[in-house]
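Colleague: Before I use any of the labels on this model, I would like to hear what each one rests on. Please take me through them.

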Amino acid sequence: MSTYPENFRYTKEHEWVRVDGDTGTVGITWHAQNELGDIVYVDLPKVGAHVAERGSLGSVESVKAVSDIYSPVSGEIVEINDELTTAPEKLNHDPHGEAWLVKIKLAAPDEIKSLLSAADYQSYIGAE
Amino acid sequence: MIKKTRQHISQNESLLFEISSPGKMGYQLPELDVPMMDPAEALGGNTRAEIEDFPEVSEVELIRHFTRLSTWNYAIDLGLYPLGSCTMKYNPRINEVVARTEGLAWAHPYQPESLSQGAMEIMAELERCLAVITGMDAVTLQPAAGAHGEMTGTLLIRALLTSRGNPRKKILVPDSAHGTNPATAAMTGYEVENIKSNEQGMLDVEALARAMNEDVAALMVTNPNTVGVFEQYIHKIAAIMHDKGALVYMDGANMNALVGIARPGDFGIDVMHLNLHKTFSTPHGGGGPGAGAVAIKKELEPFLPGPRLRRENNQWHWDYDRPRSIGRVRSFYGNFGVLVRALAYIMAHGGEGLKNATMDAVLNANYIRKLIEPYYKIAYQAPSMHECVFSDDYQSKKGVRTGDIAKRLIDYGFHPYTVSFPLIVHGALMIEPTETEPKQELDLFADAMISIAREIEENPAIVLNAPHLTRTPRVDEVTAARKPILRWKKPAESQVRAKPGDLRPDVPAREPALPASVR
C-alpha cells in the first residue's frame, strides 16, 4: 500500500495532479498501477500539445491491458517524463513521485476544484 | 484421481537455425532447361546478399521439427477451448470435405464469370443465408476478419451520414466493448465516447440517452455483450439512437448466442459484422484466415463495397457500376475458402440445427456456471448466455489472480479461459464452452476449476508457480514485453555443443508436485 499525498487532487479514472503555481504535474495513482499490474509501455503526448479536461493524455500498457490516461486539467503540455519510455517499470514503483507523466501549463486553474481530495479518493477506491 | 494426463512425447526442440548445417537441402529441382540468368542483372540490382545463417536442413529434419512442435500444441481437436468472447468452436469435417472439392479448391479469381458460376452461386447463397439469420437486407462477404468488418461497417455509416449532409463526429462505445470497437471508430475518423455499464452488466440506458446528441454518428454495441449478458433493452437503445438520426452498429462476435433465436435486424441494428470463423465454425486462431461478413439494412446498400453479385439472364455477374460505393475493402471477393466452409456449416445444420446449436451453447455455459459458481465469484447475477464471466475476488484474497489460475489450468490439460477481459470485471475469468462440448468434457473442466480453487485454499504457491507440467515453466511476460528479443543471434560454438554423454531425461526432474487432494 501507499499513501495518497494530501496536496494532490485525484480523478475517478485514477489520475492525480499536483499544482505548483500555474503548472500541474500529472500522474496515475498507486491504485491504478496496482490494478494494471506490470506496466510495459507508456505512450505520452508531445510537448506543446494542447489537452482538454478529460481529454486523452496517451496510454499505459500492462501485460493485461492498454488503458487510456485522461487529463484531470486542460492546458498545454510543457514537459513529459521521457524516462518512462525506457523504464516503464518506474510507474509500478513510484507512481506518485519519480514516475510522474506530464507537466501541464494550466488553462483553467479552477478545474482542480472539482477533483477529489486524497480522503475522498481513498474512500472512492475503498468502495469501488 | 487423475482423470486427465498430459505427456509431451517430443524432445526439447531446437530452432531450425540451430540444427542447420551448410549445404543440406530438403528439395531437388530438375536440371535447368532454360538459359541461366544473372539474377542481379535481371532484377536491376535489387537482389539481397546471402542471408546470413539462413537455415539449411534435410527433409526429414524439417518434417520432424514441425511435427514435434505440433505435438506441443493445444487445439480444439484435443479438448475444450474455453476462450470467451471468441467462440473457438469445433470445425466440423464436412466443411473441409466441401472446401476441398476440386472445382472450389482450385478456382482462380481471374477465371471468367462463365466458369465461376458455381463459386458465385455459393457466395450469393451465403449472402442470402446470412441475411436471413441476421434479419438484415444485404450482406458483403469481402472483409477478411472481424475488425476489418467493423471498419467496413463504420465506413458505410460515414458514407450514409455524409450523403445526408453531415458525417457527424462521435461514436459511442460501451465500457465492456471489445478493444477493436474504439480502435475502429478512431481509424475511421471518429472520436470515441465511453458509456458505462450498470450493475447488471448491461449498457446504462439513461447514461446513453444523456450522451446522445446530433454529434453522435453511431453506437457500437455487442449483444450479448462481453460479460455474456443479453442487452434486453436493445430496442430502447436503438430507438434513442434512431430518434437523433444516428445508427446502431452491432459487433457480431457473440452471435453464437443468437443464431436461430433472435435476429439483430429485428431489434433495431442497422449494420453488423459476423465472424464466420467464430459463429460459423471456419478455422480460427493461427489456422485462419478469418472472414468478417457485414450485414446491413437497405438504406446502406448503395454504399457497400464493390463489385456486387448480380443475377441477369440466369447467370451471375459482377456489378462494378456502383457509383456510391465506399470502394473495395479487399482484393478479389473475400476469403473464398472460408466462405465455402461457412455455407457448408449452415447447410449441414439447417435452420433447426443452427437453433439447436445456439441452445446447446447457452446450456453448456450455464452448466459450467452452476458447477463452479460456489467456488468463483460470478461477475453479474443476470442470466448468462453463451459464456459466463467470473472475477477472481475470492482467490485474490490469497494472492492468486486470474492469470495464475489460467496457468494452473494448463497443468490440468486445458487451454486457459480468457484472462482479464472484459476490463470492467475485476480480475475476469471468461469461459465459453460452445455447443459441441459433451457433458463429460464440461465436467472434467469444472473439476479442474474446483480443484484449483481448493489448491488455492490449501497451497496457493502451487498455483502461483504454475504451470509445472509444460515444456517450459512460466514465461516472463513482463520482461518479454519490456525488453523483447526480436531476432535470433547465433550463439558461440562452445555454447551450442553439449559434451558427449551430457544428456539427461527431462521427466523425473519435472514430476508433478500435486497435492494429495488432486491425485
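**What the labels rest on**

Modeller: This is a predicted model. A place to begin is B:C129, which sits in helix α6 of chain B.

Colleague: What makes B:C129 partly exposed?

Modeller: There are 18 other C-beta atoms within 10 Å of B:C129. Buried takes 20 or more and exposed takes 12 or fewer, so B:C129 is partly exposed. B:C129 touches B:L343 and B:I346, leaving aside residues up to four places away in sequence.

Colleague: Why is B:H242 counted as partly exposed?

Modeller: B:H242, in helix α10 (residues 234-243) of chain B, has 13 C-beta neighbours inside 10 Å. Exposed means 12 or fewer, so with 13 B:H242 counts as partly exposed. From B:H242 to B:H284 is 42 residues in sequence and 35 Å in space, C-alpha to C-alpha.

Colleague: Back to α6(B). Why is α6(B) called oblique to α12(B)?

Modeller: The axes of helix α6 (residues 117-134) and helix α12 of chain B come within 10 Å and cross at roughly 55°. Roughly parallel needs an angle under 35 degrees and roughly perpendicular needs 65 to 115, so α6(B) is oblique to α12(B). The crossing is left-handed.

Colleague: Which residues of α6(B) and α12(B) meet?

Modeller: From α6(B) come B:A119, B:I122, B:M123, B:E125, B:L126 and B:C129, and from α12(B) come B:F336, B:L339, B:V340, B:A342, B:L343 and B:I346. By class, this contact has 11 nonpolar, no polar and 1 charged residues.

Colleague: Why is helix α14 of chain B said to be largely enclosed by the rest of the structure?

Modeller: Of the 10 residues in α14(B) (residues 402-411), 8 are buried, so the helix is largely enclosed. Those residues are B:T402, B:D404, B:I405, B:A406, B:K407, B:R408, B:L409 and B:D411. They pack against α13 (393-396), β12 (418-419), β13 (428-431), α15 (439-458) and α16 (460-464) of chain B. Just after α14(B), B:G413 takes a positive phi of about 85°.

Colleague: Which residues touch the most other members of the largest nonpolar core?

Modeller: In that core of 115 residues, they are B:A218, B:L219, B:V248, B:Y249, B:L339 and B:A342. Helix α12 (residues 336-372) of chain B gives the most to this core, with 15 residues. Another core, of 27 residues, lies apart from it and includes A:Y4, A:I77, A:I80 and A:L101.

Colleague: How many residues of the two chains are in contact?

Modeller: 7 residues of chain A are in contact with 6 residues of chain B. The chain A side divides into 4 nonpolar, no polar and 3 charged.

Conventions: Residues are numbered from 1 along each chain as its sequence is written. Chains are lettered from A and ligands numbered from 1 in the order in which they are written. This is a predicted model: local features need pLDDT of at least 70, side-chain atom pairs count only at pLDDT 80 or more; totals for chains, interfaces and linings use all residues. A nonpolar core is a set of buried Ala, Val, Leu, Ile, Met, Phe, Trp, Tyr and Cys residues joined through C-beta atoms within 7 Å. Helices (H or I, at least four residues) and strands (E, at least two) are DSSP runs, numbered from the N terminus. Ala, Val, Leu, Ile, Met, Phe, Trp, Tyr, Cys and Pro count as nonpolar, Asp, Glu, Lys and Arg as charged, and the others, Gly among them, as polar. Axes are lines fitted to C-alpha atoms, for helices over the stretch in contact, and angles run from 0 to 180 degrees between N-to-C directions. Angles under 35 degrees count as roughly parallel, over 145 as roughly antiparallel, 65 to 115 as roughly perpendicular and the rest as oblique. A crossing is left-handed if the near helix is turned anticlockwise from the far one by less than a right angle, and right-handed if clockwise.
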